[in-house]
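Have the sequence and the 3D view open side by side.

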Amino acid sequence: MIGTINGILEEIDGNIIVISCQGVGYEIFASQTALSNLGAIGSNAMVYTYLNINSRDNEISLFGFASREEKKMFLNLTSVSGIGPKTAVTILGSLSLYDLASSIASGDVSLISRVKGLGKKSAERIVLELREKMEKSSEFSKMPLDSTPVDNNEQEYAINVLLSLGLNRFEATKRVREVYEAGDKAEDIVQKVLRKM
């Protein structure tokens, strides 16, 4: 199996990236988190990877992630009946690891069912099949700082505004954290984010 790929970032095309390593260009379907952590074309890049073999469609695909925790969550999601790799990556791009893990552990179907193209029944299946794993999992209780909830209502309100403008939750949260200063109102935060985009 290919656990990680470390090399030069050659190309980014939507969710597809190409990393060149010792003369081989690996085409990788990258999660939104992995994409947001990449540098410029030509810079060094490292992603955690999973090689998916779909014998039914005779297809081999490489999926890339920003962290071991994200890869582990991907594997958990794809173990749920009816959740394929691309759906799992969509879920990871729509919710932070913290939000996803805590929603599953607490049985909160509503947040998960908001993921575009997922639906309530699939969200219920995810909670049903993964809840016990999330409750017992120590790795998801030690989320990196970027996965923890936002500090206050102003930040949360700003994130919701950015979501309405088309950003996914991870990207909106990341951008809000980058610009937030103590005492900022939601409109100040949104204006700062928009100026940097």
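Is Leu9 buried or exposed? Leu9 has 0% relative accessibility, so Leu9 counts as buried. The model is predicted.

**Around strand E1**

Leu9 is part of strand E1. Residues from other parts of the chain come up beside Leu9. Ile19 is 10 residues away in sequence, yet the two C-alpha atoms are 4.6 Å apart. Ile41 is 32 residues from Leu9 along the chain, with a C-alpha separation of 5.3 Å. Ile41 itself sits in the loop between helix H1 (32-37) and strand E4 (44-54). At 51% relative accessibility, Ile41 counts as exposed, because the cut-off for that class is over 50%.

Strand E1 also carries charge. Glu10, Glu11, Asp13 and Glu27 form a patch of negative charge on the surface. Strand E1, residues 4-13, supplies three residues, the largest share of this patch. Glu11 is one of the patch members and lies in strand E1. Its relative accessible area is 42%, so Glu11 is partly exposed.

**A positive phi**

Gln22 occupies the loop between strand E2 (16-21) and strand E3 (24-30). Its phi is near 50 degrees, a positive value in a residue other than glycine. Most residues other than glycine have a negative phi. Gln22 is exposed, with a relative accessible area of 80%.

**The nonpolar core**

Which residues touch the most other members of the largest nonpolar core? They are Leu77, Leu100, Ile112 and Ile126, out of 28 residues in that core. Several elements give two or more residues to this core: strand E5 (59-65), helix H2 (68-78), helix H3 (85-94), helix H4 (97-106), helix H5 (109-113) and helix H6 (120-136). H6 gives the most, with five residues. In soluble globular proteins, nonpolar side chains tend to be buried together.

**A nonpolar patch on the surface**

Some nonpolar side chains lie outside. Leu165, Leu194 and Met197 make up a nonpolar patch on the surface. Together they have about 300 Å² of accessible area. Leu194 belongs to helix H9, residues 186-196. Its relative accessibility is 42%, so Leu194 counts as partly exposed.

**Salt bridges**

How many salt bridges does the count come to? The count comes to two salt bridges.

| Pair | Distance, N to O |
|---|---|
| Glu181 and Lys192 | 3.5 Å |
| Asp184 and Lys192 | 2.7 Å |

The pair of Glu181 and Lys192 links distant parts of the chain, 11 residues apart. Glu181 is in the loop between helix H8 (169-179) and H9, while Lys192 is in helix H9. Side chains of opposite charge can pair when their charged atoms come close.

Is Lys192 buried or exposed? Lys192 has a relative accessible area of 18%, so Lys192 is buried. Asp184 is buried too. Through shared partners, the salt bridges join Glu181, Asp184 and Lys192 into one network.

Note on methods: Residues are numbered from 1 along each chain as its sequence is written. This is a predicted model: local features need pLDDT of at least 70, side-chain atom pairs count only at pLDDT 80 or more; totals for chains, interfaces and linings use all residues. Side-chain values use heavy atoms; hydrogens and water are left out. Patches are made of residues with over 30% relative accessible area and no salt bridge: like charges are joined within 9 Å, nonpolar side chains (Val, Leu, Ile, Met, Phe, Trp, Tyr) within 5 Å. Accessible areas come from the Shrake-Rupley method with a 1.4 Å probe; for residues, only the protein chains shown count as cover. A salt bridge is a side-chain nitrogen of Lys or Arg within 4 Å of a carboxyl oxygen of Asp or Glu. Lys and Arg count as positive and Asp and Glu as negative; His and the chain ends are not counted. The place of a charge is taken as NZ of Lys, CZ of Arg, CG of Asp or CD of Glu. Helices (H or I, at least four residues) and strands (E, at least two) are DSSP runs, numbered from the N terminus. Buried means under 20% relative accessible area, exposed over 50%, partly exposed in between (1.4 Å probe, protein chains only). A nonpolar core is a set of buried Ala, Val, Leu, Ile, Met, Phe, Trp, Tyr and Cys residues joined through side-chain atoms within 4.5 Å.
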